[in-house]
Amino acid sequence: MKNYPIDDLMVPLSEYATVTVGATLYEAILALEKAQEDFDQTKYRHRAVLVLDRTGKVVGKISQHAALRALEPQYLKMASNSSAANYGFSVPFLKDLQEQYSLLDGPLENICKKAAKMKVENFMTKLTEGEFIDSGASLDQAIHLLVMGHHQSLLVKKDGNVVGVLRLTDVFASVFHVLKTCE
């Protein structure tokens with residue numbers, strides 16, 4: 001796997017959905033929609049939006065999970081980066097919690113109107129060191145970071161700048177394309 005460079009698998013930053021700090025959830029969804037329309041239709045669609053600071057540096061990510069979490073402000077006050085299941089909460093307990101705090105209570109249109117105005121920096125996921133990989137890295141290094149970090153993607157850096165996104169779906173497709181040729 002050391003002979004497989006990740007450069008060939010990454011999506012260039014210019015082809016990825018991005019918004020700047022200060023943008024709203026509505027603007028992020030429009031950026032994602034546009035990136036999906038413009039992207040190679042033979043590949044998996046983008047599922048996240050990168051958040052850039054005013055200088056163009058990537059400072060966060062909005063996953064589908066984060067966007068859904070933004071629909072209910074109370075979710076932002078609860079454990080945000082861990083699944084409640086990781087804490088051993090039962091399904092009945094989680095249902096009671098939803099009812100007790102009236103989470104996502106009301107017409108979807110009203111919930112969406114409020115969430116659409118929310119600034120991305122209030123619900124984006126801040127990036128960790130383990131989410132970055134050097135553009136010269138090999139496929140084995142990428143797989144290791146994806147598996148051990150449970151990441152859906154890695155940001156590819158070259159000379160200290162993010163130049164692309166290495167998505168789990170692309171790594172998976174590449175590896176299993178080769179696997180099909182093996183017996």
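You'll find glycine 22 in the loop between β2 (18-20) and α1 (25-38); helices (H or I, at least four residues) and strands (E, at least two) are DSSP runs, numbered from the N terminus. A quick word on what you're looking at: it's a predicted model, where local features need pLDDT of at least 70, side-chain atom pairs count only at pLDDT 80 or more, and totals for chains, interfaces and linings use all residues. Residues are numbered from 1 along each chain as its sequence is written, and side-chain values use heavy atoms, leaving out hydrogens and water.

Now show what touches glycine 22. Leaving aside residues up to four places away in sequence, its contacts (heavy atoms within 4.5 Å) are Glu27, Arg54, Lys119, Val120 and Glu121.

Which order do the four strands take? It's β2-β3-β4-β5, an open sheet with mixed pairing (two strands pair if DSSP finds at least two bridges between them). β2 and β5 (125-126) are at the edges with a single partner strand each, so one side of each has no neighbour in the sheet. Zoom in on β3 (residues 48-52) and β4 (residues 58-63), an antiparallel pair with five bridges. There, valine 51 stands opposite glycine 60 in β4.

Last stop: select phenylalanine 176, in helix α7 (residues 168-180). Its relative accessible area is 38%, so it is partly exposed.

Definitions and conventions: Buried means under 20% relative accessible area, exposed over 50%, partly exposed in between (1.4 Å probe, protein chains only).
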